[in-house]
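Hi there,

I'm passing a structure over to you, as promised.

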Amino acid sequence: MLKQIEGSLGIAEAVALCRPGAVCAYPISPQTHIVENLGKMVKTHQLKDCEFVNVESEFAAISVSIGASAGGVRTYTATASQGLLFMTEGVYNASGLGLPIVMTVASRAIGAPINIWNDHSDSLSQRDSGWLQLFCESNQDAVDTHIMAFKIAEEVGLPVMVCMDGFVLTHAFERLDIPSQEQIDKFLPEYQPREYLDPKEPISMGAMVGPEAFTEVRILQQRKMYKALDVIERVTKEYRELTGHHSGGLLDCYNCENADVKLIIMGSTVGTAKDAVDELKAQGINAGIISLKSFRPFPYAAVREAIGDTKKVVLVERHFSYGARGILFPEVARALKGLDTEVHTAVCGLGGRAILGSTIKNIVKYSLEGKFTDELTWFDLDSALLNSYLKDTEGVTLPEGPLAESVLEESLQKVRA
């Protein structure tokens, strides 16, 4: 059914269609509207046979989710930013226990300094937690990916983070095609837990494992991740055939045939990039976009095939690793091992800074003109402000005290002037 609704409400309706038995909620922007709407659905009995648990913290939300899933019910929760960090201990436990929890991460920057706007630093801080991480480029993609995530999680036996850009998607109103309950009941069977806690047949879950078996346990988790690559592709095919929606998958290509440069992007920036690439094409510049949907597991073979014989690849990243470089770079470099492909990282859009069509066009032209001289390049900087803090050419001398307050004051002085 077509509806003009906020992205968060679309996600709430998609989750409700999957008939969760437990929703564990703690409010933190920008995911709050999702759990608020699920709470309303439970209260009005639109979502039946579901326990809505309003907890006192994000750590409690993941803890209750673990308990509910271990108790044998389909479980959902949502978080963002500092909330995800507060959950971290439980996040690792959920994957180690093999619990098929689905969690929305409405991606938002991590402080300090305080910033509530979108980038990918929160979700990617958990990239080694053992959760599948699926990224969405639009609200329709997010609606469909949440539904697929429950089936993927339950088939693989691992939890799934569905990562959608905070505010950019969660608070955007647009036309969404919400599947019917009949369609989803056909696609997603009634939940049948493989292993759960039952007082009538007591078992231990998460028992201590010493050096004699710990490596083997981790290898089994890794095998589940490898299995997930095939499961994601198969579940996506089933869902597309049922609904006609072109969502999900490991990755998606746009204008990639005979492209002189290909951009690899995750999240809502893909939409902006498509428009920019169309404008460039009209100017005779051929650039392609690889929308990376699955970051964990990382689809090395699919990425290698999508890049093909293209000699220039740029990773447009809304994140980076302190003391290192871009987070996508080592993964793509592994995928391209042995190929003569030039790979660079363009970091932009941190803390919610807008990534405009002009940003994408500049990145493409920068690459085609051979201006990338390092593995990582920053775009859309306030160079004058930044350079006022870079005192010499040999190294970097930064002022003592809180950098955020110092930089903000100088920026405000420029505005006042």
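Predicted model: local features only at pLDDT ≥ 70, side-chain atom pairs only at ≥ 80, totals over all residues.

Seven strands make an open sheet of mixed pairing, in the order β3-β2-β4-β5-β7-β6-β12. The edges are held by β3 (51–54) and β12 (294–296); each has a single partner strand, so one side of each has no neighbour in the sheet. From one strand to the next, the twist averages 20°. Within the sheet, β4 (residues 75–79) and β5 (residues 102–107) run parallel and are joined by 4 bridges. If you want a reference pair there, Thr 77 has Met 103 in β5 as its bridge partner. Helix α9 (residues 214–243) packs on the sheet, where it touches β6 (132–135) and β12, and its direction makes about 35° with that of β6.

**Helix α10 and its surroundings**

Helix α10 covers residues 269–282 and spans 20 Å from its first C-alpha to its last, close to the 20 Å expected for its 14 residues. Its buried residues are Thr 269, Val 270, Ala 273, Ala 276, Val 277 and Leu 280. Looking down the axis of α10, these fall within an arc of 120°, so they line one face of the helix. The cover over them includes β7 (160–165), β9 (251–254), β10 (261–265), β11 (287–292) and α13 (357–368). After α10 comes Gly 284, with a positive phi near 90°.

One of those covering strands, β10, has 5 of its 5 residues buried. Val 261, Leu 263 and Ile 265 point one way from β10, while Lys 262 and Ile 264 point the other way. β10 pairs with β11 in the parallel sense over 5 bridges, and Val 261 stands opposite Ala 287 in β11.

Lys 293 sits in the loop between β11 and β12. Its relative accessibility is 4%, so Lys 293 counts as buried. Although 158 residues separate Lys 293 from Phe 135 in sequence, their C-alpha atoms are 4.7 Å apart. Beyond its sequence neighbours within four places, Lys 293 has contacts that include Glu 137, Asp 141, Ser 247 and Asp 252. The side chain of Lys 293 also reaches the backbone oxygen of Gly 248 at 3.4 Å.

Ser 65 belongs to helix α3 (residues 58–70). With 0% relative accessibility, Ser 65 is buried too. Setting aside neighbours within four places in sequence, Ser 65 is in contact with Cys 24, Thr 75, Tyr 76, Thr 77 and Ile 101.

**Backbone points to check**

Most residues other than glycine have a negative phi, and most peptide bonds are trans. Here are some exceptions for you to inspect:

- Ser 29 and Pro 30 are joined by a cis peptide bond, with omega about 10°; Pro 30 is in the loop between β2 (22–25) and α2 (32–43).
- Gly 111 and Ala 112 are also joined by a cis peptide bond, with omega about 0°; Ala 112 is in the loop between β5 and α6 (121–124).
- Ser 81, in helix α4 (residues 81–86), has a positive phi of about 50° and is buried at 0% relative accessible area.
- Asp 380, in the loop between β15 (376–378) and α14 (383–387), has a positive phi of about 60° and is partly exposed at 32% relative accessible area.

Happy to talk any of this through.

Best wishes

Conventions: Residues numbered from 1 in each chain as written. Heavy atoms only, no water. Helix = DSSP H or I, 4+ residues; strand = E, 2+ residues; numbered from the N terminus. Expected span 1.5 Å × (residues − 1). Buried < 20%, exposed > 50% of the residue type's maximum accessible area, 1.4 Å probe, protein only. Arc of directions from axis to C-beta. Contact = heavy atoms within 4.5 Å. Pairing = 2+ DSSP bridges. Axes fitted to C-alpha atoms, helices over the stretch in contact; angles between N-to-C directions. Polar contact = N/O pair within 3.5 Å; in protein donor to acceptor, adjacent residues only side chain to side chain.
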